[in-house]
Amino acid sequence: AAAFVLLFVPFGLPAPSYNTLGMCSLVGALSVYADGAGQSSTEGARHVFRRLAPSLWISAVWWAIACTAYPPLLALLIVLILLVLILWRTRAERLLVARYAIACGSVLAGAFLLLCLTLGPSHLLEMLRFTNAFNNISGGVSGKLRTAIDAWTAHPRFALMCLAAVLLAGIRCLRASGRLLCDFALGLLVVGVAASDSPTFFSRTHDLVLLLAITGFCNAIRALVLSYVHNRHRVFAVIYVVSFIGGLTTAATAFNGLFNFPIGGLLAAGLALVLPDAATVHSHISRLASRLAVAALTCGAMAASAFTNYYGQIGTFSYRDAVRVPDGAFAGLLTDADQAAFIARMTEAIERQRSCGNKFAVLGTGPGFYLMTAMFPTALSTWNYPGDARNFATDAVKAFYDVASNRPDVLVVKNWQRGTALSAPARGLLNNLVF
C-alpha cells in the first residue's frame with residue numbers, strides 16, 4: 001500500500017503543486033494518526049497521550065499544510081474527529097481524540113494567522129471567493145456528475161470495470177470463501193485499466209486509483225460495524241472512509257471533477273489492497289500470498305503508467321525518441337522533439353517582445369507560458385476563467401483590467417490543445433489591444 005501511494009504522481013507532474021502538497025500532506029496526516037490510534041486501546045489515558053504526543057502534533061502539522069494547499073480538505077479533519085468520537089468508546093480513546101482535536105485546531109489557527117499576516121484578511125477572503133467562483137464554472141456538483149457520466153459513456157469498457165469493482169466490493173465483504181478468486185478478479189481489473197486504449201479520467205493512474213478505492217468500500221464499512229474486529233483493523237477502516245470521502249470532496253470542489261478524485265482518495269485506494277475481508281475478519285489470520293501478488297501487480301501497473309506518461313503528455317509518445325529541453329525554465333524536461341522545439345521557439349518569440357514593456361499575460365489555457373519570460377505577470381490567476389458565465393470571478397477580472405496600469409504590454413493567446421473559450425473580459429482585453 002505504501003509503495004502504491006509513493007508511485008502515484010498527480011496529473012503526471014512531479015512538482016510541489018497545490019495538488020501534490022495537499023495529497024501528500026493528507027496521506028501523512030492520516031497515516032501518522034492511524035499509527036498511534038491503532039495501538040492506544042489498552043493503555044491509560046495519561047500514558048497514551050504522553051507516548052503519542054509527538055505523533056499527534058506531527059499529524060496536526062500535516063493537516064495544516066494539507067488545508068493550506070487545498071482548503072476543502074479541512075472537511076476531512078472534521079469527518080475524522082466525528083467518526084472516531086462515534087466509534088471509540090473507552091475514556092482513553094476519547095481523551096486522545098479530544099487532545100488530537102486541540103492539537104490540530106491550534107496548528108491550523110497558527111497557519112491561518114500566518115496567512116492573514118502575510119496576505120491580509122480581506123485579500124485572503126477575496127482569494128477564496130475568486131477560487132470558489134472559478135471552480136463553479138464547471139456546473140457545480142451536478143455539472144461535474146454529468147461530466148463524469150459523459151466520460152464513462154465515452155469509455156464504456158472502464159464504466160463496466162467500475163461496475164465490476166462495485167460487485168467485487170460486495171462479494172469480498174459478504175463471502176468468507178472464494179478469496180483467491182476475488183483477488184484474481186481484482187488483478188484482472190488492474191490489468192484491464194493498464195491495458196486500456198485511452199484513460200477515462202486524465203491518466204491510467206487516476207483511473208486505477210478510482211477503481212481500487214471502490215473495491216474497498218464494503219470491507220471498510222464491515223470493519224466499522226462489527227464489534228469483534230481488531231482495533232487496528234478498525235483504524236484502517238476509519239482512515240479508508242475518511243480518504244474515500246476526501247476523494248469525493250476533491251472531485252466535487254475541483255474544476256476538473258473526478259479527475260481530482262485521487263487528491264483526496266489516494267490513501268483509500270492503497271488501503272483497499274490490505275483491508276481485511278470477510279475471511280480474514282473471521283479467522284484473524286491473513287494468508288498474504290494472493291494479496292501480495294495483487295499488490296505487486298498493482299504497483300507494477302502504476303509504475304508502468306507513471307514512468308511512461310511523464311508530465312501528462314497528451315497523445316501518443318515514445319520515450320525512445322524523447323529529447324530533453326536544453327535550457328530555460330523547462331531545462332531537463334523530457335518530451336518529444338516537436339514539443340521541445342516549440343518551447344524553444346515560443347520562449348524566443350516572447351523574449352523578442354521585451355522592448356514593448358515588462359508586463360505579461362496569457363489568455364486561454366497555458367499557465368506554463370508565464371515561466372518562459374522574466375516579465376512581470378499581470379493577471380489575477382495563471383488559469384483563465386473561460387466562457388461567458390458571469391459571477392464574482394469574471395467581475396473581478398474585468399475590474400482588474402479596467403485599471404490601465406494592470407493591462408499587459410505583451411499578450412499570449414493560447415487557443416489550441418485543450419484550449420478553452422475566452423471569457424468576455426479576456427475578449428475585451430484582446431479587442432482593445434493596440435498592435
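A crossing of two helices is called left-handed if the near helix is turned anticlockwise from the far one by less than a right angle, and right-handed if clockwise. The crossing of helix 12 and helix 13 is left-handed, where helices (H or I, at least four residues) and strands (E, at least two) are DSSP runs numbered from the N terminus. The structure is a predicted model, in which local features need pLDDT of at least 70 and side-chain atom pairs count only at pLDDT 80 or more, while totals for chains, interfaces and linings use all residues. Residues are numbered from 1 along each chain as its sequence is written, and side-chain values use heavy atoms, with hydrogens and water left out.

As an overview, the protein has 18 helices and five strands. Of its 435 residues, 46% are buried, meaning under 20% relative accessible area, with exposed set at over 50% and partly exposed in between (1.4 Å probe, protein chains only). Contact means heavy atoms within 4.5 Å. When contacts between residues at least 6 apart in sequence are considered, 67% join residues at least 24 apart.

Helix packing comes next. Two packed helices are described by the angle between their axes and the distance between the axes. Here the axes are lines fitted to C-alpha atoms, for helices over the stretch in contact, and angles run from 0 to 180 degrees between N-to-C directions. Angles under 35 degrees count as roughly parallel, over 145 as roughly antiparallel, 65 to 115 as roughly perpendicular and the rest as oblique.

For helix 12 (residues 231-253) and helix 13 (residues 261-272), the axes come within 6 Å and cross at roughly 155°. The two are therefore roughly antiparallel to each other. Residues making this contact include Phe-236, Tyr-240, Phe-244 and Gly-247 of helix 12, and Phe-261, Gly-264, Ala-268 and Leu-271 of helix 13. By class, the contact of helix 12 with helix 13 divides into 12 nonpolar, six polar and no charged residues. In this scheme Ala, Val, Leu, Ile, Met, Phe, Trp, Tyr, Cys and Pro count as nonpolar, Asp, Glu, Lys and Arg as charged, and the others, Gly among them, as polar.

Helix 13 also meets helix 2, with axes that come within 9 Å and cross at roughly 25°. Helix 2 and helix 13 are therefore roughly parallel to each other, and their crossing is right-handed. Asn-19, Met-23, Leu-26, Val-27, Leu-30 and Ser-31 of helix 2 make the contact with Pro-262, Ile-263, Gly-264, Leu-266 and Leu-267 of helix 13. These residues comprise eight nonpolar, three polar and no charged.

Helix 2 itself covers residues 18-37, and its 20 residues should span 28 Å at 1.5 Å a residue, in agreement with end C-alpha atoms that are 28 Å apart. The expected span is 1.5 Å times one less than the number of residues. Because 14 of the 20 residues are buried, helix 2 is largely enclosed by the rest of the structure.

Thr-200 is found in the loop between helix 9 (179-194) and helix 10 (204-215), and counts as buried at 6% relative accessibility. Beyond its neighbours within four places in sequence, Thr-200 is in contact with Ala-151, Trp-152, His-155, Phe-158, Asp-207 and Phe-259. Ser-203 is found in the loop between helix 9 and helix 10, and is buried at 13% relative accessibility. Its C-alpha atom is separated by 9.2 Å from that of Pro-10, 193 residues apart along the chain. Thr-205 lies in helix 10 and is buried at 5% relative accessibility. Not counting residues up to four places away in sequence, Thr-205 touches Phe-8, Met-302, Ser-305 and Ala-306.
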